[in-house]
Amino acid sequence: MAPVKSFFILSLLIAVSSILNLASAHLSHDFYKKICPKVLPEIRKVVQRAIRNETRIGASLLRLHFHDCFVNGCYGSVLLDDTVNFTGEKTSLANNNSARGYRRCCTRDSVAILGGPDYRVLLGIRDARTASRDAANNNLPAPFFNFSQLLSNFQAHELNLKDLVAPSGGHTLGFAKCATFRNRINNDTNINPKFAASLRASVCPASGGDNNLQPFDATSARFDSVYYQALLKKKGLLHSDQELFKGNGSRSDRLVQR
Ligand code: HEM
Ligand SMILES: *[C@@H]1O[C@H](CO)[C@@H](O)[C@H](O)[C@H]1NC(C)=O
Ligand SMILES: *[C@@H]1O[C@H](CO)[C@@H](O)[C@H](O)[C@H]1NC(C)=O
Ligand SMILES: *[C@@H]1O[C@H](CO)[C@@H](O)[C@H](O)[C@H]1NC(C)=O
Ligand SMILES: *[C@@H]1O[C@H](CO)[C@@H](O)[C@H](O)[C@H]1NC(C)=O
Ligand SMILES: *[C@@H]1O[C@H](CO)[C@@H](O)[C@H](O)[C@H]1NC(C)=O
Ligand SMILES: *[C@@H]1O[C@H](CO)[C@@H](O)[C@H](O)[C@H]1NC(C)=O
C-alpha cells in the first residue's frame, strides 16, 4: 500500500471520540502503542501543518467528526465514496457542497491546536464498509430546527439536553454560509436587531451571495466560550444556535450561561 494511503486509513481509524459513548471492551487509549507507536505524534504534525496552511480546516474536521458519528456511529462512513452498492453520505443535505476535510484527520488534534482541551480518545474501532445518504438525511440536524426538534434529534442518539448544549459549542470554530442563516436574519425575532441588520447589509443580502461565509463567533479560530457569549447577546448565527438560549430562564438557557 502507498504510504499516503495507509496513513490515511490509519488516520481515520483514530477519528473517534466522545460525542457518542462508544465504551466497548476492545477499545483502548493505547491501541497503537505496540503496533504503530509513532502514529499519534505523526498525526498531530500533519494536522498542525494543515491548520498552518488553512486555519478553517480545524473547524471542518470537527464538524466532519460530528457528521460521521451521528450517522450509524463513529466508524468513518462519512469518508466513503459512492459505490455500485450504496449512495454514501457525501451528497446528503447537510454534507453536499458543505462538509470539508475528507482527506484529513483528526478532530482531537484540531481542537487541541486551536486552544481546546487535549482529550484522550478510545482507539481500535474498525472502519465502516458501507454508508447511506438516506441515513445521513434522516440523522443530521438542520439549521432551521427549533428547540424541540434539536432535542428530539439528539435524544434519538441517546443524548440528553446537556449533550445537546455542550457539543453545540463546536460552533466556536468555523463558518456558515449565508444560505444557512438568511431566514434567521430576515424573519427571526429572537435576534439582536443590529446584528441582523449588519449581516443583511454585508455578507448576506436578500438575494445572492448564498455561499458567502460568516464566522460563527468573533474568534472562529479559537476553541473558547465566545460562541456561548454571543448566544447570551442574541447574536447566535443560526436559528438552531439561538434556539438554545431564549433568555427566559429555561434549563437550556442555564446550561448556555454556565
Ligand atoms: C445542534 C445541531 C447542529 C446544527 C443544526 C448544525 C448546523 C451547522 C451548519 C448549517 C453549519 C454551516 C454549514 C455550511 O455553511 O455549509 C455548521 C458548521 C459547523 N458545525 Fe454545526 N451544527 C450542529 C451541531 C454541531 C456540533 C455538535 C458540532 C461539533 C461538535 C458542530 C460543528 C460545526 C463546525 C466546526 C462548523 C464549521 C465548519 C467549517 O467552517 O468548515 N456542529 N453546522
Ligand atoms: C492549503 O489550503 C488550501 C485552501 O486554502 C487548500 O486548497 C490546499 O489543498 C491546502 N494545501 C495543503 C497542502 O494542505
Ligand atoms: C458490491 O457488493 C457485492 C456483493 O456483496 C460485492 O461482491 C462487490 O465487491 C461490491 N462492490 C463494491 C464496489 O464494493
Ligand atoms: C450536490 O451538489 C451538486 C453540485 O452543486 C449538485 O449537482 C447535486 O445535484 C447535489 N446532489 C444532491 C443529492 O443534492
Ligand atoms: C417545532 O417544529 C415542529 C415541526 O415543524 C412543530 O411541530 C412544533 O410545533 C415546533 N415547536 C415549537 C415550540 O415551535
Ligand atoms: C421569511 O418567512 C416567510 C414565511 O415563512 C418566507 O416565505 C420567507 O421566504 C422568509 N424570508 C427569508 C428572507 O427567508
Ligand atoms: C421559554 O420559552 C420557550 C419557547 O420560547 C418555552 O418553550 C419554554 O417553556 C420557556 N421556558 C420557561 C422556563 O419559561
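## Disulfides

At 0% relative accessibility, Cys 204 counts as buried (under 20% relative accessible area; exposed is over 50%, partly exposed in between, with a 1.4 Å probe and protein chains only). This is a predicted model: local features need pLDDT of at least 70, side-chain atom pairs count only at pLDDT 80 or more, and totals for chains, interfaces and linings use all residues. Residues are numbered from 1 along each chain as its sequence is written, chains are lettered from A and ligands numbered from 1 in the order in which they are written, and side-chain values use heavy atoms, leaving out hydrogens and water.

Cys 204 forms a disulfide with Cys 178, the sulfur atoms being 2.0 Å apart (a disulfide is a pair of cysteine sulfur atoms within 2.5 Å). The torsion about its S-S bond is 70 degrees, and the link of Cys 178 and Cys 204 is right-handed. This pair connects distant parts of the chain, 26 residues apart. Cys 178 sits in the loop between strand 1 (175–177) and helix 8 (182–187). Cys 204 sits in the loop between helix 9 (193–201) and strand 2 (213–215). Helices (H or I, at least four residues) and strands (E, at least two) are DSSP runs, numbered from the N terminus. Cys 178 is buried, with a relative accessible area of 0%.

The whole structure holds two disulfides. Cys 69 and Cys 74 form a disulfide with sulfur atoms 2.2 Å apart. Its torsion about the S-S bond is about 120 degrees, so the disulfide of Cys 69 and Cys 74 is right-handed. Both Cys 69 and Cys 74 are buried. Counting bonded cysteines along the chain, the pattern is 1-2, 3-4.

Two further cysteines have computed accessibilities. Cys 36 counts as partly exposed at 23% relative accessibility. Cys 106 counts as buried at 4%.

## Salt bridges

The structure holds eight salt bridges (a side-chain nitrogen of Lys or Arg within 4 Å of a carboxyl oxygen of Asp or Glu). Among them is the pair of Asp 109 and Arg 44, at 2.4 Å from N to O. Asp 109 lies in helix 4 (residues 107–113) and Arg 44 in helix 2 (residues 39–53), 65 residues apart. Asp 109 is buried at 4% relative accessible area. Arg 44 is partly exposed at 23%. A network of salt bridges links Arg 44, Asp 109 and Asp 118.

Arg 100 forms a salt bridge with Glu 54, with the closest N and O atoms 2.8 Å apart. Arg 100 lies in the loop between helix 3 (56–69) and helix 4, and Glu 54 in the loop between helix 2 and helix 3, so the pair ties together parts that are 46 residues apart in sequence. Arg 100 is partly exposed at 25%. Glu 54 is partly exposed at 28%. Asp 81 pairs with Lys 90 in a salt bridge, closest N and O atoms 2.6 Å apart.

## Surface and distances

Lys 162, Arg 251, Arg 254 and Arg 258 form a positive surface patch. Patch residues have over 30% relative accessible area and no salt bridge; like charges are joined within 9 Å, nonpolar side chains (Val, Leu, Ile, Met, Phe, Trp, Tyr) within 5 Å. Arg 258 lies in the segment after helix 12 (251–257). Arg 258 counts as exposed, at 73% relative accessibility.

Lys 194 is in helix 9 and is exposed at 72%.

Methods
Areas by Shrake-Rupley, 256 points an atom, 1.4 Å probe, with all protein chains shown as cover. Lys, Arg positive; Asp, Glu negative; His and termini not counted. Charge placed at Lys NZ, Arg CZ, Asp CG, Glu CD.
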